[in-house]
Amino acid sequence: PGASVSQAQITAWEKEDIAWAVKSAKQFLEGKQVTQVEFDAVVDLIYNGGFSKYYRIKSDLKSGNFQGAIQENTRRGKNNHLPQNRIEFENSGLAQGELCK
């Protein structure tokens, strides 16, 4: 109560969060050949899914459980009231999971 944040601070925080998501996606996908759409989907998933959801989905991907990753992402998207087309965009990148092994 009574605290305020400037638009500049909000923008700075947003940039930091996006940079973290990009760095995390690059680390996760290191050595893998992925399309820009697949990379963007993973960044979006990390950024909007948050840390715990990202690691749960990452675990599914690493174990080869691509359907589980898609189901978890769909659940996350619906819980966060994301538009269906956005959920489908992320899932299309996850569906190419063979590239993320």
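## Contacts and overall make-up

Take contacts in the protein chain between residues at least 6 apart in sequence: 55% of them join residues at least 24 apart. The model is predicted.

The protein chain holds 4 helices and 0 strands. Read from the N terminus, its elements run α-α-α-α. Of the 101 residues in the protein chain, 37% are buried.

## The nonpolar core

The largest nonpolar core contains 15 residues. Those with the most contacts inside this core are A25, V42, I57, L61 and L94. Three helices each supply at least two of the core's residues: α1 (7–29), α2 (36–62) and α3 (66–79). The most comes from α2, which gives 7 residues.

What does L61 touch, leaving aside residues up to four places away in sequence? Its partners are F28, F66, A69 and L94. One of these partners, L94, is also listed with L61 among the residues with the most contacts inside the core.

## The surface

The protein chain exposes about 6,300 Å². Carbon and sulfur atoms supply 52% of that area.

A nonpolar patch lies on the surface, formed by V5, I10 and W13. Together these residues have about 270 Å² of accessible area.

Is V5 buried, partly exposed or exposed? V5 has a relative accessible area of 43%. Buried means under 20% and exposed means over 50%, with partly exposed in between. V5 is therefore partly exposed.

Notes
Residues numbered from 1 in each chain as written. Predicted model: local features only at pLDDT ≥ 70, side-chain atom pairs only at ≥ 80, totals over all residues. Heavy atoms only, no water. Core = buried A, V, L, I, M, F, W, Y, C linked by side-chain atoms within 4.5 Å. Buried < 20%, exposed > 50% of the residue type's maximum accessible area, 1.4 Å probe, protein only. Contact = heavy atoms within 4.5 Å. Patch = residues over 30% accessible without salt bridge, like charges linked within 9 Å, V, L, I, M, F, W, Y side chains within 5 Å. Areas by Shrake-Rupley, 256 points an atom, 1.4 Å probe, with all protein chains shown as cover. Salt bridge = Lys/Arg side-chain N within 4 Å of Asp/Glu carboxyl O.
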